[in-house]
Amino acid sequence: MKYNFAKVTNSRLMGSIGLEICWSKEEDNIYQYFLLDAEGLGIADYVSLKNPSKEEAYMEEQRLMGGLGSEVLTISEEEALFLVKHFGRKTIEWEKELPGFTEEYIEIINDYETNLSIEDLYPIICKDVKEEIEFINYMTMRFIGWDRECLRYFSGSEEISNMHITSINGTLLKNTVTCKGDKKFVSEALYEDEDGYYVCRIAFNIVKEDDKFKISSMLVTDKEAIYDFEVFDEISKEEFVAVYNLVDTEKFIEKFYIDNPFVLKSEMDEGILFTRFNFNNNHVKEKVYVINNDIKAVYYQIGDEFFVGTYNQRDRMYINKILQNNYKEFLNAKDEYYFEENALYDFAESGSNDFEDFLS
């Protein structure tokens, strides 16, 4: 096959990157889409398209990359194939199943040879971090995610890369960063592990070398367990929920997803949940990082009702105005609610098919 181009997101610091490779074979154009995960999966998702239309190729690219909140960069054939091999080897090493039609890429994993190392790709697949707080949040995230590779790269230390407090690749839910002066910082991390929720404190000393931040030392306190209802209180936020009655539900959902391929589509027990993320990861720059602060809106279709959850007045006005203008033939406004804590996602997860009953 003839190589045409490859694109990758510079979202490695969030734990995942999207990779697209385009090939030509005789009269055919073949597009391969990989979701590459550094926290226990390797190649997490794979889809290929043969001779897609421009719209189909765009939709799949947005599905893969649109929610990662990062830039999309062009890379070489060697770099693209190395990433497939590197993350594919991780999938096998971690005893996970390779996704999709593996015959289309297994030879790359098994047979491709290159002198590249993952460190050669880090300046491409990691965004350029300019702010100290942002760097501390990312490194806390990588530490809780038990991401040895990333910690090694950003510290140059095997000792630091082998440090961990989680039993699995944990998830950082909330982090509060305090500057102690002279490049010293403390993270108060709330995270999810294999057997529950915990808090711990992590002290960082950092330096700047060649205009890049590095970890010079780390110290971690013992973890303390925290109840799930306490976690909910910590990460929950106010929510505005608009409810619409739908006309021609199936046609509306088809059009809505075509128009918004960047949303994350999740099949729930009673309906379909769509999560719309911000197009950047600016929430990582905040002194108080919260995992769900990258969510701009949540949409939930159940039966002939469509729920829209937003988290501030500006997004409430913007999101609902777009819906009412673009889909006026499908939507009729029904109700509006305000909650001091998140409600819509819990409703979608609950298996209930009646919002009023769920609230009562």
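Student: Leaving aside its neighbours within four places in sequence, which residues is T249 in contact with?
Tutor: Q301, G303 and D304, where contact means heavy atoms within 4.5 Å. Keep in mind that this is a predicted model: local features need pLDDT of at least 70 and side-chain atom pairs count only at pLDDT 80 or more, while totals for chains, interfaces and linings use all residues. Residues are numbered from 1 along each chain as its sequence is written, and side-chain values use heavy atoms, with hydrogens and water left out.

Student: And is T249 buried or exposed?
Tutor: T249 counts as buried because its relative accessibility is 13%; buried means under 20% relative accessible area, with a 1.4 Å probe and protein chains only. T249 sits in helix 9, residues 249-259. Helices here are DSSP runs of H or I with at least four residues, strands are E runs of at least two, and both are numbered from the N terminus.

Student: Switching topic: which residues touch the most other members in the largest nonpolar core?
Tutor: L19, I21 and L83, out of 59 residues. A nonpolar core is a set of buried Ala, Val, Leu, Ile, Met, Phe, Trp, Tyr and Cys residues joined through side-chain atoms within 4.5 Å. Helix 5 (residues 132-144) gives the most to this core, 8 residues.

Student: How do strand 3 and strand 4 pair?
Tutor: Antiparallel, over 8 bridges; two strands pair if DSSP finds at least two bridges between them. I30 stands opposite K50 in strand 4.

Methods:
Buried means under 20% relative accessible area, exposed over 50%, partly exposed in between (1.4 Å probe, protein chains only).
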